Amino acid sequence: MAYEPKLLGFLCNWCAYAGADLAGVSRVQYPPNMRVIRVMCSGRVDPLHVLEAFRNGMDGVAVLGCHPGDCHYLTGNYQAERKMDLTFRVMEKVGIDPDRLLLDWVSAAEGQRFGEVITDFTERIRELGPLDAADAGPKAAVGEKIASMDRIRWLVGKERDMVDHGNVYGDKLDEAELKDILWNNIVNEYNRELIRSAIRAGSPATVPSIAEAVEMDTATVFKYMIDLENAGQVHMMDIVDDDPRYILVGEVSE
Amino acid sequence: MSDPVGAVLVVGGGIGGIQSALDLADAGFKVYMVEDKPAIGGAMAQLDKTFPTNDCSLCILSPKLVDVGRHPNIELMTNSSVTAIDGKAGDFTVKITERARRVTEACVGCNLCAEACVLKGRLRNEFDEELKERSAIYIPYPQAVPLRYVVDPVNCLQVKTGKCAMKCVEACPANAIDFDMQDIERTVEVGSIVMAPGFEGFHAEAKGEYGYGRFDNVVTSLEFERILSASGPYEGHVLRPSDGKEPKRIAWINCVGSRDRSCGNEYCSSVCCTYSIKEAIIAKEHSGSVEPTIFYMDMRTHGKGFESYLNRAEDQHGIRFIRSRISEVQETPGKDLRIRYESEEGALREETFDMVVLSIGLEPGEGVKDLAETAGISLDDFGFCETEETRPMETDVPGVFVCGAFSGPKDIPETVMEASGAAAKAGAMISSGRGTLVEEREFVPERDVSGEEPRIGVYVCHCGINIGAYVDVPAVVEYARGLPNVVHAEENIYSCSQDAQHTLIDRIKEHGLNRVLVASCTPRTHEPLFQETLREAGLNAHLFEMANIRDQCSWVHMDDKATATEKAQDLVRMSVARAAHIEPLEELSLDVIQHGLVIGGGLAGMTAALALADQGFGVSLVEQEDALGGNMRNIHYTLDNDNVQEYLGSLVDRIGESDIIDVHLNAKVSEIGGFVGNFESVIDTPDGPERVEHGAIIVATGAVESAPAEYLFGEDERVISQTELERRIAEGEPVGRTVAMIQCVGSRDESHTYCSRVCCSDAIKNAIRIKETDPSAQVYILYRDMRTYGLKESHYGRARELGVVFVRFDLDGKPAVDTDGDALTVKVKEKILGEELFIEADIVALAPAIEPRPDRVDLAKMLKVPLNEDGFFLEAHVKLRPVDFATDGVFLAGMAHSPKTMEESIAQAYAAAARASTLLAKGEVRVNPAIADITEEMCIGCGLCVTNCPFKAMELVLKEGGRKAQVIPASCKGCGVCGASCPKLAITMKHFTNEEITAQIEAYRGVA
């Protein structure tokens, strides 16, 4: 049987969901691959929901909201944009093709367009092919860890405010600069997670053994180990042959 | 005068009567609804689809039927007629005869009696235009309200002869059949009356040349609606009556019984052009091989969104349009039909079709004459209720109001607007009697389901064939039975019908259901209906979930039943998973500020403000200019010769005299905050900003005349607009001996794709004035389609009688306006002669398109309401909620909605006021309980939610354990932005919790 992409859509109640209904009323025919979760606003969609969908074997996820400026909740779709921007970046970092996530706007009057958007997205995912669950599942799980870090969520949540109104010191931040900070944080979290999984795989672990497993140099790994220890996430158990051996804290080793 | 009776009589249970009754009952008045037929629903219930959205007619109507059936303040009397009306406004005594139904209220609607009837299959069902059979005991249609069978006294053997085995009585499990039942005379006291008896279809036999009644395959448009309908005679298959074959070539003949002096119906029926397009599109949808052809005189698609519907019909659906006059229809030996017609160029032609549909017009009907006599109201020459342009809902008897097709042909949204408008008038008349005769809705105590395991009931709807034909519904039901927590599953033909609601209540009790899932259409339209049923069953309304297997499944995957079924099963599985997690929500109610804000001081705004004030509500009326009136200031007289400036003056005076209307001139609304019932806005006035608190908003900002970019406008001063021409006529300035009027200047072309609706009538109005003043003056009207819809058609006839010359042109053959020396010439190709016509004109008057105001975009954003493709404000539902916005508490009137006549603006303004009044009169509003929910132990008081909340609904409060976020329930609109951003994942959204979303995702992955 030909490959049929498995797609999930998060549709905002006021625009995209209404547009999807209008597509029905207008009998617009489009591929039957997507299942819909209705949310009141696209701003409700947490990056965690999207990554969760990939972890659960979906090949593509669409987040559809109102056109910029038309949000029923004023700014919800701008928030959605920031959150999906984070999600795209996290997907890129953990190795799930960001093209599998679609963020687009469909108004309540755009039944025809809704059909087109879904048709195009279905074709796009069909070309990308199925997402290998065994490979993507753990990647998505790492992504979820990153997207649930309070520091990153804070940065994303505050982004619009800091760019538009400035930080607590009144300095307006440059958007590109903020994006760099965000990216660094994602990379950091990703690397920390890599290290944590390396320890998880062979605990206790030493800096050289971790460095080999995660393909980083020992100096970098060591810096992360200090960070992680300060954050109370790893603990130096003992020292064997001059090499400190670390174990994870607050997590049951698998 | 003593206090008026706080009750209203509504005559007629079609969509007009229904809307009036619901508005009045919601606004605190007792309503007696009298319907002649055994069930309410009227003509709308018979329609298959509605234009221009092709919405399923009964699907959108059914929730309203159910609302009427169960409204505690509406007393429904079907099979009944009004026999006498005495008294006067404020205190009428009405006599009503309720004809013996011979079936008591014990009827459960099981159909066993009809099955048992000895005449089964031998009588014809009127609801199906007699294309389908019925018994002598029957219901008109499956979703009928009340769902109570009725004995047809004319045909029933027992009633007629007293000699029948009465198998029906034997079969009835409820002992509901009572042949001793007698007619009942009732007397009710009411303060005012709304007449909504509707229309009858033209009796096509009267036009013998079309062969109706003689040729099997000539059907009326109403019969064709039944043929298209899934619950109709052919179950939605397009078949022709003579041999049951699928017709390929189908012709529609328009204006059958309309625009026709020979049958006494000189008027235009207004809706037939668009409904024939609809029927052609739907027929083609049912069977792709159908080749529809529409024969017409002028294509009158003047309504909102109709012109693009016409364009789609032609471009996308390949429907053929032939401008013509039909001479006759003949039948061939094979029962095909040969149409002989005269083309626009005057050529006689013939073409053969498999089936012919006669687009019959709307007539007042026989019964209304008696009704009019009983009420003492005057009818016009055609038998329609007489009204004035400035008083569209008023009869000539005070206290008796009218809406819908009784006062002239009109479509559903126009009827709904007038119905709400009539409710405003009827309510204002007796406003001091508000609340005196109504009952509080019976409160069913809510069952506490906490601690119970989820017990889910699943209902899968066929929606006639809308779902059933494309999704294997029994398979979905069977599938649902096997899902976790599902204790009961069943299918319904229509889950939204009244009997389905009763069954649902029974099942909830019988199976101890604590969650209900309906898999049918969209929650956006039907969730409130089912939630109300849950309330009646003693369940919290929020223990309800819907799976959208129609709009987002069966309708969009019509060619692959297996896949559509699989998708429907997935959607049901996901919804069941979610349903297991949903929790009851407590509804909070808040006081409503009983004051309205009306934005725009033109005709619609002034009318709405006065209508609200008449009901006793204070109003802030905001006008941008330095005087009230808007576009009305440039209108001097109407088609009926009413003096507009005088009327404007009277409105301004009445507003000035009102103590409770606060007028702000040179002012603009700069800020709108709050929510339904509790808005807080800022009006920028010349004296500085003013803060106003109000419960409702009416948008009446109007539209503007566009500036023509062609025909030498602005280059030659003899080329003017119709508005300027009207001013000159009104002020007695000379307009010359030859006037050429050019229509559709910027309308129905690439600059504005829609029709501006009023220009044809305006041109006729001015042309008549010129000819009446100076019969020797030459007036030419160059037009594309003459759109003098409804009763305006007789003025078109009058203009022709006066010698106004009408010349038609096409978009690709526009007239050319030139100057030749001093002469101003207009050149246009005359179709019949096939020659160029030269007009040397003193004045060329253009009909510029009406376009939306440029500043509406800012207002739309402030109000968070949408605009349509043409840039006009988009209402909540084009058919049934024409003056509501999807945003609660905000309403719409006048040309901000779309171009319209003064009469229509007035009707819509009253309608908007009526809708606003139902809100203001209640005094309280229920607040959305699906709001943010904070887990305090996880909150670190970072304040990100406070920063990001678009509605200032979050605050930080010092509590034990530090600063914590707290929701302000009345302000929270439940968007969920805070939940998706919270760094500590401490916020979730009630009713859209992370657990619910996760459950749906995991359920989609596969059966756990």
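## A serine and its neighbours

Beyond the residues within four places of it in sequence, Ser42(A) is in contact with Cys12(A), Val63(A), Leu64(A), Gly65(A), Gly76(A), Asn77(A), Ala80(A) and Trp105(A). Please keep in mind that this is a predicted model. To find Ser42(A), look in the loop between β2 (34-39) and α2 (47-55) of chain A. Ser42(A) has a relative accessibility of 1%, so it counts as buried.

How many disulfides does a search of the whole structure find? Over all chains, there is one. Its partners are Cys15(A) and Cys66(A), with sulfur atoms 2.3 Å apart. Cys15(A) sits in the loop between β1 (7-12) and α1 (16-25) of chain A, and Cys66(A) in the loop between β3 (60-65) and α3 (76-94) of chain A, so the pair ties together parts that are 51 residues apart in sequence. The torsion about the S-S bond of Cys15(A) and Cys66(A) is about 95°, which means that the disulfide is right-handed. Both Cys15(A) and Cys66(A) are buried.

In chain B, here are two cysteines whose sulfur is too far from the closest cysteine sulfur for a bond:

| Cysteine | Closest cysteine sulfur | Sulfur distance |
|---|---|---|
| Cys164(B) | in Cys156(B) | 6.1 Å |
| Cys939(B) | in Cys945(B) | 6.3 Å |

Are these two cysteines buried or partly exposed? Cys164(B) counts as partly exposed, at 26% relative accessibility, while Cys939(B) is buried, with a relative accessible area of 11%.

Next, find helix α9 (residues 218-230) of chain A. This helix has 13 residues and reaches 18 Å from its first C-alpha to its last, close to the 18 Å expected at 1.5 Å a residue. Within α9(A), the residues Val221(A), Tyr224(A), Met225(A) and Leu228(A) are buried. Viewed down the axis of α9(A), its buried residues fall within an arc of 110°, so they line one face of the helix. The cover over the buried residues of α9(A) includes α7 (175-201), α8 (207-214), β5 (234-240) and β6 (243-248) of chain A. On the face of α9(A) turned away from its buried side are the exposed residues Lys223(A) and Asn230(A).

The two ends of the helix are worth a look too. At the start of α9(A), a side-chain oxygen of Asp217(A) comes to within 3.2 Å of the backbone nitrogen of Ala219(A). Just after α9(A), Gly232(A) has a positive phi of about 70°.

## Where the chains meet

Now turn to the contact between the chains: 56 residues of chain A are in contact with 58 residues of chain B. The size of an interface is often given as the accessible area lost when the parts come together. Between them, chain A and chain B bury about 5,100 Å², with 57% of it on carbon and sulfur atoms. Arg27(A), Arg35(A) and Arg44(A) supply 16% of the area that chain A buries against chain B, more than any other three residues.

## A glycine in chain B

The last stop is Gly871(B), in the loop between α22 (856-863) and β46 (890-892) of chain B. Gly871(B) counts as buried, at 6% relative accessibility. Not counting residues up to four places away in sequence, Gly871(B) touches Pro852(B) and Arg856(B). The C-alpha atom of Gly871(B) is separated by 39 Å from that of Gln569(B), which is 302 residues away along the chain.

Terms used:
Residues numbered from 1 in each chain as written. Chains lettered and ligands numbered in written order. Predicted model: local features only at pLDDT ≥ 70, side-chain atom pairs only at ≥ 80, totals over all residues. Heavy atoms only, no water. Disulfide = S-S within 2.5 Å. Helix = DSSP H or I, 4+ residues; strand = E, 2+ residues; numbered from the N terminus. Buried < 20%, exposed > 50% of the residue type's maximum accessible area, 1.4 Å probe, protein only. Expected span 1.5 Å × (residues − 1). Arc of directions from axis to C-beta. Contact = heavy atoms within 4.5 Å. Polar contact = N/O pair within 3.5 Å; in protein donor to acceptor, adjacent residues only side chain to side chain. Buried area = accessible area lost by both parts, 1.4 Å probe.
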